[in-house]
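Work through these exercises with the sequence and the model open beside you. Try each task before you read its solution.

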Amino acid sequence: MPGTYLPSNYLPVFIFLVVAIAFGLGALLIGAIFRIRRPYKEKLMPYESGIDPVGEPRVRFSIRFYIIAMLFVVFDVEAIFLYPWAVVFDKIGLYAFVEMVIFIFILLVGYLYAWKKEAFTWE
Amino acid sequence: MDITIIKPILPEIVMAALACVVLILELFIHKKETIGVFAILAVAAVSYVIPQSFGSAFNGMFISDGYSVFFKFIFFINLILAVLISIRYLKIERSEFGEYYSLMMFATLGMMIMASATDLIVLYLGLELMALSTYILAGFIRHDRRSNEAALKYFFLGAFSSAILLYGITMIYALTGTTNILAIASQLQGKMTTQLILAIVFLVVAFGFKIALAPFHMWTPDVYEGAPTSITAFMSVGPKAAAFAALGRVFTTGLIDFAPDWRGILIALSILTMAVGNILAIQQSNIKRMLAYSSIAHAGYAVIGVIAGGAEGLSAMMNYLFIYAFMNIGAFAVVIMLRVEGVKGEELEHYRGLAKTHPLAAVLMLIFMFSLTGIPPTGGFIGKFYLFKAAVGAGYAWLAVVAVVFSVISAYFYLRVVMYMYMHEPEGEPAALATSTPLGLALLITTIMVIVLGVYPSPFLAFARLAIG
Amino acid sequence: MQYYLLIPFLPLAAFVINITLGKKIIRKQAHWPSTLAVLGSLVVAVMVLMDVLAGKTLNEDLYTWIISDKFQVSVGFLLDQLTAVMLIVVTSVSFLVHVYSIGYMHDDPGYYRFYAYLSLFTFSMLMLVMANNFLQLYFGWEAVGLCSYLLIGFWYEKKSASDAGKKAFIVNRFGDFGFGLGVIMIFLTFGTLHYIPVFGDAGKFLNESVNILGLEVNLITLIALLLFCGAVGKSAQIPLHVWLPDAMEGPTPVSALIHAATMVTAGVFMVARCNPIFSLSPTAMGVVAVVGGVTALFAATIALVQNDIKRVVAYSTISQLGYMFLACGVGAYAAGIFHLYTHAYFKALLFLCAGSVMHAMGGELDMQKMGGLKKYMPVTYWTMLIASLSISGIPGLAGFFSKDEILFRAYAAGGVGKFAWLLGTVAALLTAFYSFRLIFLTFHGEFRGTEEQRHHLHESPKVMTIPLLILCVGAIASGWVGIPPLLGGGEHFSEFLAPVVGHPHGEATHAEEWMTMGISVAVALAGIIVAVVFYLKNPSIPVNLAKRFQFAYRVLWNKYYVDELYDLIIVRPTLFVAKNIIVGFTDGAIIEGIVNGLPRMVNRIGAQVRKVQNGLLQHYGAIMALGLFLILAILMIKYSG
């Protein structure tokens with residue numbers, strides 16, 4: 001096959017990947033080798049801060065959780081986007097400023113919408 | 001700061017801003033029809049800035065040219081007609097929410113970006129915006145399980161196809177170091193590699209999914225049937241046309257050197273699509289589902305334009321989509337008219353004896369069915385005529401013959417509707433019609449355009465040719 | 001000159017209005033849209049005539065429907081001298097018939113339908129004469145045929161009417177088949193269907209020939225004859241004349257408009273329009289002249305003995321159409337069109353008078369049951385008398401000038417022309433005779449109908465008699481535009497048409513012209529005198545003659561048994577084949593097999609394929625992936641190999 005292509009820039013990423021997987025698996029493996037196995041009922045019980053667990057673990061979560069999670073993602077992304085912007089702000093100047101204002105404004109529309117739709121009130 | 005650089009993208013900016021405004025309006029306006037009207041006005045505003053938009057922006061990532069503008073007009077028509085047929089329908093389905101209109105606008109914005117994209121990443125952005133909006137719209141009747149099912153299926157398979165598209169883009173980038181559609185060709189220099197095969201196949205599959213080419217059409221019948229009828233009409237035209245725009249742009253500019261390869265794939269898919277669409281449409285007793293298969297089949301015809309290629313082939317494909325927009329939405333508008341409280345009005349049985357009980361509705365349906373079949377003097381005939389002519393001109397006479405054969409098969413199920421309306425006696429209570437001024441307006445526009453395009457097509461044909469340049 | 005567009009489109013608009021709103025809303029007012037529309041067309045037609053007289057002609061494509069390389073489907077208009085004449089003829093007669101019908105059709109349940117069809121017919125006919133290309137001509141040609149069918153079978157509850165409609169349609173199919181082939185041949189030869197380039201290039205193909213079943217046939221002759229086939233069907237010439245007498249089943253105004261004045265003359269118009277093609281082929285010209293001459297005589301002989309008032313006039317129409325073809329066949333196209341134009345008025349008048357008589361007689365058609373109507377309906381009598389004088393060719397009236405022109409041109413052309421002249425002159429004698437036989441049987445003598453009919457006799461209302469009077473003016477004066485120089489006229493008509501159809505060939509001395517004129521007047525008078533003797537002075541003569549020459553009488557009475565002959569050699573075998581072979585075998589086994597079997601097969605395949613569409617998301621995804629890998633595999637194999 002002609003033209004097989006592997007950018008060498010990605011080699012560190014690859015090494016990182018291998019190390020990460022090896023670390024995770026290694027920790028579990030070492031634990032499995034060295035720990036003492038004496039299981040009994042209480043020990044196999046799910047850990048709920050010392051209280052006996054009640055009912056099934058698979059309960060339906062309220063839709064509110066998801067809405068909050070989504071809203072969090074939106075503003076999280078906004079925050080992440082602000083970091084690189086802040087770093088290069090002095091180089092791009094007014095153009096970048098206007099762009100960011102527009103970006104935040106769009107999020108603001110979403111925020112307003114979510115607010116009016118009572119996404120922030122529980123129940 | 002030079003403000004003129006955003007001129008090419010100004011229509012999209014206006015559309016985005018107005019879509020946001022519509023979203024906010026929803027919070028304060030209780031009469032939701034007003035929002036629909038506002039959406040139509042927004043289209044007018046966007047159309048107004050289009051003539052000044054010609055040019056390229058963002059270092060050649062985005063272009064406003066004749067090709068994209070022609071497609072944008074198809075999207076606008078699609079949006080306007082879909083809004084008109086929605087207003088009364090949403091009330092009947094008890095799903096009157098203003099977000100509906102803003103989602104339609106966002107979807108249209110996505111389509112516009114797709115048509116104008118000269119960079120694969122921009123293309124992907126547009127595609128996702130369009131797709132995510134339509135996923136929600138497909139499930140818009142929240143209390144209807146089938147609508148939910150449609151949305152979920154569409155979302156999962158859509159995500160699948162998005163992944164495939166991204167993979168294809170990645171391959172292209174890996175080979176050329178660019179995602180610019182215009183630069184790809186010069187970087188590739190006509191060299192065929194394994195990665196390129198992967199790239200081409202992935203792109204064909206991803207666009208084929210949106211266009212609903214068999215065997216990537218599997219989602220279409222279920223989604224079209226389950227989605228609100230107005231959204232089915234919207235989806236069967238807009239996103240399809242947008243994907244055609246992207247397909248045409250990517251394959252006939254960036255990958256033009258590999259035309260023999262992708263042409264072979266498209267020919268096979270086109271024939272398979274026409275076969276699956278037409279043959280399975282015969283099986284359907286539900287009009288919505290039949291129209292879903294019919295729209296699959298029509299995609300199969302339209303692909304012939306891309307296969308034929310060149311100005312002639314592309315303009316035939318564009319014309320076909322333009323004509324298809326009117327006739328298909330028109331047919332769905334009639335279906336919507338039969339949807340009243342308590343009666344779905346989607347089954348073929350509901351059309352029994354319609355000519356006796358509602359002669360006007362029957363005549364309109366007759367016109368759309370004739371046009372979809374391709375019987376002169378309707379627009380459908382003109383569309384097919386130029387499409388097949390382009391195929392013959394490009395040396396694919398046999399493909400044109402195959403398409404004609406499938407058109408003949410399609411007559412069977414289109415004319416069956418006509419037969420039910422005209423040759424059967426009405427049974428039981430005469431069906432009620434849910435008419436309204438906007439729906440009437442939509443039917444008026446579509447009927448007139450289907451006839452005008454059939455009788456006096458030259459200006460529209462000239463427009464498409466001009467758009468190609 | 002864009003205003004000319006109103007001419008065809010006003011009647012079209014009226015048609016649309018009447019067909020959509022007629023049944024429920026307009027009802028008894030249906031005549032308003034149609035009549036006003038055709039009046040508008042008439043006014044615009046006069047304006048067009050003025051423009052053409054001032055030397056302005058026009059040839060433009062209004063719009064092109066589809067273009068496929070050389071093949072172009074367009075709607076275009078050619079306005080020249082010939083078109084202008086036709087426009088005046090069509091719109092004026094059509095207008096008068098519209099007005100007349102207000103009285104004639106007033107209590108018909110299908111009133112709106114009648115006017116809708118009439119408007120559609122007027123539109124189609126105008127499109128036909130205004131066409132600038134063969135395709136549009138063909139479209140108009142078929143459309144008037146359709147209207148004719150609809151209107152002949154207007155009273156479709158009556159079996160004879162719907163049968164007559166079918167007959168007209170089917171007989172015309174024979175001619176139109178040839179006409180269609182002719183149009184295709186023109187396209188194949190010239191690569192275009194527009195008149196001007198076709199006529200311009202016709203000379204280039206003069207010596208080309210085509211091989212048909214081993215027979216070398218001159219190309220131009222072939223095209224001309226194929227086109228003439230269409231004309232024979234539409235204009236009811238031998239051997240396709242059989243439909244026109246039966247077409248009298250339609251309402252009488254329709255007979256006047258479609259089956260006398262306008263549609264049936266389309267064949268003559270087409271031949272005159274295509275004169276550059278016909279003139280190049282002496283063979284085709286000979287055929288046209290002989291068919292015309294023979295038809296003129298043949299139809300006239302049948303008219304001698306018929307008793308149905310409308311059928312007499314119908315055979316007279318066939319005969320007069322024969323004259324027109326005779327003229328075209330000898331190259332005197334202008335004379336043919338001149339006769340077309342005068343004939344339109346006096347023949348429409350004859351029909352409308354016949355209608356007026358029928359109106360008074362409660363639908364009675366048999367002349368043997370009429371008689372003495374003169375005193376009951378003076379207007380009808382006098383107008384019909386003038387029309388009869390005109391058709392007989394009495395000097396001073398319209399028919400004289402046009403018929404005389406034709407006979408003289410035929411004589412002057414020599415050769416076949418002399419033969420045709422002889423046929424025409426004999427036919428003129430017969431024409432005068434049967435026309436006056438009709439007058440005398442209907443209006444003179446004693447009334448022979450029932451007492452109830454006598455009680456009912458009355459002159460028709462004004463709305464019907466006024467069109468008669470106007471047409472009467474046409475029957476008298478329409479010929480005055482073509483008075484020959486010999487009688488001090490200027491031959492304005494043929495000079496006017498000369499740019500389109502050229503000048504006739506052949507020279508003749510003044511003496512010969514005086515001679516032909518003298519003979520034709522003499523035979524006309526002779527015919528009238530014989531009719532006077534037979535039907536006024538001594539009614540026993542025709543009865544005795546019929547007994548004496550029983551065989552001849554029976555042949556004429558049965559119209560030469562042409563219908564019976566066709567029944568034997570065409571209709572019966574066709575029905576036999578249709579019943580036993582087509583229905584039994586081809587239809588039953590082959591067609592039905594394919595028609596039913598194919599969908600059944602498709603259905604079965606569909607039912608199988610449909611199972612794949614099972615609603616399961618994971619299956620859908622799997623199929624997508626499968627498709628992807630399949631394509632990938634094929635391409636990979638292709639490139640690795």
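**Exercise 1. Decide whether C:Ala236 is buried or exposed, and say what stands out in its backbone.**

Step 1. Count neighbours. C:Ala236 has 29 C-beta neighbours inside 10 Å, so it counts as buried. The cut-offs are these: a residue is buried if 20 or more other C-beta atoms lie within 10 Å of its own, exposed if 12 or fewer, and partly exposed in between, with C-beta atoms placed from the backbone.

Step 2. Look at phi. C:Ala236 is not a glycine, yet its phi is positive, about 55°. Most residues other than glycine have a negative phi, and most peptide bonds are trans.

Step 3. C:Ala236 sits in the loop between H8 and H9 of chain C. Helices (H or I, at least four residues) and strands (E, at least two) are DSSP runs, numbered from the N terminus.

A note on the model before going on. It is predicted: local features need pLDDT of at least 70, side-chain atom pairs count only at pLDDT 80 or more, and totals for chains, interfaces and linings use all residues. Residues are numbered from 1 along each chain as its sequence is written, while chains are lettered from A and ligands numbered from 1 in the order in which they are written.

**Exercise 2. Which peptide bond in the loop around C:Pro239 is cis?**

Step 1. Find the loop. C:Pro239 lies between helix H8 (219-234) and helix H9 (243-246) of chain C.

Step 2. Read omega. The bond joining C:Ile238 and C:Pro239 is cis, with omega about 5°.

**Exercise 3. Which residues have the most contacts inside the largest nonpolar core?**

Step 1. A nonpolar core is a set of buried Ala, Val, Leu, Ile, Met, Phe, Trp, Tyr and Cys residues joined through C-beta atoms within 7 Å.

Step 2. Name the residues. The largest core has 211 residues, and those with the most contacts inside it are C:Phe228, C:Val271, C:Val288, C:Ala348 and C:Leu349. Helix H15 (residues 333-360) of chain C gives the largest share, 19 residues.

Step 3. Look at one of them. Leaving out residues up to four places away in sequence, C:Ala348 touches C:Val93, C:Val97, C:Ala256, C:Leu257, C:Ala260, C:Ala261 and C:Leu471. Two residues are in contact if their C-beta atoms, placed from the backbone, lie within 7 Å.

Step 4. Find the other core. Apart from this one lies another core of 203 residues, including B:Ala107 and B:Met337.

**Exercise 4. Why does the radius of gyration of chain B agree with a compact globule?**

Step 1. Apply the rule. The radius is taken over C-alpha atoms, and the globule rule is 2.2 Å times the number of residues to the power 0.38.

Step 2. Compare. With 469 residues, a compact globule would have a radius near 23 Å; chain B has 21 Å, so the two agree.

Step 3. The C-alpha trace of chain B spans about 70 × 55 × 40 Å along its principal axes. Of its 469 residues, 61% count as buried. Chain B has 19 helices and two strands.

**Exercise 5. Which chains share the most contacts, and what does chain C bring?**

Step 1. Of the two pairs of chains in contact, chains B and C share the most contacts. No contact joins chain A and chain C.

Step 2. The contact between B and C takes 26 residues from chain C and 28 residues from chain B. On the chain C side, H26(C) supplies the largest share, twelve residues.

Step 3. Sort that side by class: 17 nonpolar, eight polar and one charged residues. Ala, Val, Leu, Ile, Met, Phe, Trp, Tyr, Cys and Pro count as nonpolar, Asp, Glu, Lys and Arg as charged, and the others, Gly among them, as polar.
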